[in-house]
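This report is meant for a reader who is meeting the structure for the first time.

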Amino acid sequence: AAEVIKRRFKGLHQITKLGNQEIVDEYEPLEEGLDKVTDVRQVPCMVITLSKDALDKSDKGYQEPLDEALVTEVDPEDMAKSRGRGRGGGGGRGKGRGKG
């Protein structure tokens, strides 16, 4: 998504950071007398910062703005307008094949 945005708006600086988010799930027992179960897991995550203002070029995740020749500017209000539901539009299970 960040690459698409960078190709729509000129002069966007980018910093990408990778990290982990700790998720703690607690499960209550269905039967009395059992202990609560706690599951702790690390989920990888990526944080992308886009800015029209210059960012820290010494950051190892820094990317300078794209060449303006590669950018096709779009009005932000046009991007916010609904473009329909895309192809297909159905949410069914597909065509039935019949029985037998």
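In this predicted model, Asp59 is found in the loop between E2 and E3. Because the cut-off for a buried residue is under 20% relative accessible area, Asp59, with its relative accessible area of 18%, counts as buried. When its neighbours within four places in sequence are left aside, Asp59 is in contact with Ile15 and Lys17.

The contact with Lys17 is also a charged one, for Asp59 forms a salt bridge with Lys17 in which the closest N and O atoms are 3.4 Å apart. This pair links distant parts of the chain, since Asp59 sits in the loop between E2 and E3 while Lys17 belongs to strand E1, 42 residues apart. The two partners can be described separately by their accessibility: Asp59 is buried, whereas Lys17 is partly exposed, with a relative accessible area of 46%.

How are the strands around this loop arranged? Three strands form an open sheet in the order E2-E1-E3, and the pairing is antiparallel. Strand E2 (37–51) and strand E3 (62–63) stand at the edges with a single partner strand each, so one side of each is left without a neighbour in the sheet. Strands of a sheet pair through backbone hydrogen bonds, either parallel or antiparallel. Strand E1, which covers residues 13–27, is joined to E3 by 2 bridges, and these two strands run antiparallel; within this pairing, Gln14 has Gln63 in E3 as its bridge partner.

| Salt bridge | Closest N to O |
|---|---|
| Asp59 and Lys17 | 3.4 Å |
| Lys36 and Glu26 | 3.7 Å |

Arg41 counts as partly exposed, at 39% relative accessibility.

Lys36 forms its salt bridge with Glu26; Lys36 lies in the loop between E1 and E2 and Glu26 in strand E1, so the pair ties together parts that are 10 residues apart in sequence. Here Lys36 is partly exposed, with a relative accessible area of 44%, while Glu26, at 51% relative accessibility, counts as exposed.

Conventions: Residues numbered from 1 in each chain as written. Predicted model: local features only at pLDDT ≥ 70, side-chain atom pairs only at ≥ 80, totals over all residues. Heavy atoms only, no water. Pairing = 2+ DSSP bridges. Helix = DSSP H or I, 4+ residues; strand = E, 2+ residues; numbered from the N terminus. Buried < 20%, exposed > 50% of the residue type's maximum accessible area, 1.4 Å probe, protein only. Contact = heavy atoms within 4.5 Å. Salt bridge = Lys/Arg side-chain N within 4 Å of Asp/Glu carboxyl O.
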